[in-house]
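Visitor: I am new to this structure. Please show me how to read it, one feature at a time.

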Amino acid sequence: MSKYRNRKITRDGDTFDSVKEYRRWCELKLLERAGEIHDLQRQVKFELIPAQYETTGFSPTGKAIKKCVERSCVYVADFAYKDEYGEQYVEDTKGLKTKDYIIKRKLMRWVHGIGIKEV
């Protein structure tokens with residue numbers, strides 16, 4: 001059991017973070033088979049803030065040597081798909097909305113222009 005009291009579930013070789021997430025996946029798979037959505041994907045990464053580097057010196061050939069001082073910040077969507085008109089949708093199955101999630105939700109709209117549908 002996770003810190004948010006979700007139980008991971010494995011079905012058909014795929015592991016889901018909760019039963020709720022698995023059930024939504026099944027619904028989306030049916031919609032995809034019916035032709036209402038397409039390009040259905042799980043665990044899709046969206047970069048919100050790129051990694052930041054500092055130059056720490058130069059190699060003998062004059063090439064800059066860089067050190068990562070801040071890793072990139074990413075949002076991992078539970079599901080991403082497109083409707084019959086090609087519009088992109090991103091979904092997250094939520095039980096508890098953490099402060100981190102709320103900030104990432106806002107950054108998704110700001111950086112990518114995509115609102116997250118919370119299920």
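Visitor: Is Cys68 buried, partly exposed or exposed?

Guide: A word on the source comes first. This is a predicted model, where local features need pLDDT of at least 70, side-chain atom pairs count only at pLDDT 80 or more, and totals for chains, interfaces and linings use all residues. Residues are numbered from 1 along each chain as its sequence is written, and side-chain values use heavy atoms, with hydrogens and water left out. Now the idea: buried means under 20% relative accessible area, exposed means over 50%, and partly exposed lies in between (1.4 Å probe, protein chains only). Cys68 has a relative accessible area of 35%, so Cys68 is partly exposed. Cys73, at 23%, also counts as partly exposed.

Visitor: How many disulfides are there?

Guide: A disulfide is a pair of cysteine sulfur atoms within 2.5 Å. By this rule the count is 0. Take Cys68: the nearest cysteine sulfur belongs to Cys73 and is 13 Å away. Seen from Cys73, the closest cysteine sulfur is in Cys68, and 13 Å is too far for a bond.

Visitor: Which strand does β4 pair with, and how do the two run?

Guide: Strands (E, at least two residues) and helices (H or I, at least four) are DSSP runs, numbered from the N terminus. Two strands pair if DSSP finds at least two bridges between them. Here β4 (residues 52-58) and β5 (residues 64-70) run antiparallel, joined by 6 bridges. Gly57, for one, has Ile65 in β5 as its bridge partner. The hairpin has 5 residues between its strands, and Gly62 takes a positive phi near 95° there.

Visitor: What does Thr56 touch?

Guide: Contact means heavy atoms within 4.5 Å. Thr56 is found in strand β4. Leaving out residues up to four places away in sequence, Thr56 touches Ile65 and Lys67. Now try a distance: Thr56 and Cys26 are 30 residues apart in sequence, and their C-alpha atoms are 50 Å apart in space.

Visitor: Which residues make up the largest nonpolar core?

Guide: In soluble globular proteins, nonpolar side chains tend to be buried together. A nonpolar core is a set of buried Ala, Val, Leu, Ile, Met, Phe, Trp, Tyr and Cys residues joined through side-chain atoms within 4.5 Å. The largest one here has 11 residues: Val44, Phe46, Leu48, Tyr75, Ala77, Ala80, Val90, Tyr101, Met108, Ile114 and Ile116. At least two residues of this core come from each of β3 (37-49), β6 (73-83) and α2 (99-112). A second, separate core has 8 residues, including Ile9, Phe16, Leu28 and Tyr81.

Visitor: What is Phe46 in contact with?

Guide: Set aside its neighbours within four places in sequence. Phe46 then contacts Cys73, Val74, Tyr75, Ala77, Val90, Met108, His112 and Ile114.

Visitor: How far does α2 reach?

Guide: The expected span of a helix is 1.5 Å times one less than its number of residues. α2 has 14 residues and reaches 20 Å from its first C-alpha to its last, close to the 20 Å expected. Gly113 follows α2, with a positive phi near 70°.

Visitor: How many salt bridges does a search of the whole structure find?

Guide: A salt bridge is a side-chain nitrogen of Lys or Arg within 4 Å of a carboxyl oxygen of Asp or Glu. The search finds 9. One of them joins Arg24 and Glu91, at 2.7 Å from N to O. Arg24 lies in helix α1 and Glu91 in strand β7 (residues 88-92), so the pair ties together parts 67 residues apart in sequence.

Visitor: Are Arg24 and Glu91 buried or exposed?

Guide: Both are buried. The relative accessible area is 11% for Arg24 and 0% for Glu91. Arg24 sits in α1 (residues 19-33). Beyond four places in sequence, Arg24 touches Phe79, Tyr81, Glu91, Thr93, Lys117 and Val119.

Visitor: What else does Glu91 form a salt bridge with?

Guide: Lys117, with the closest N and O atoms 3.8 Å apart. This pair links β7 to β8 (residues 116-118), 26 residues apart. Lys117 is partly exposed, at 40%.

Visitor: Where do Arg105 and Glu118 lie?

Guide: Their side chains meet in a salt bridge, at 3.0 Å from N to O. Arg105 lies in helix α2 and Glu118 in strand β8, so the pair ties together parts 13 residues apart in sequence. Arg105, at 26%, counts as partly exposed. Glu118 is also partly exposed, at 29%.

Visitor: Which residues do shared partners join into one network?

Guide: Arg24, Glu27, Glu91 and Lys117, through salt bridges that share partners.
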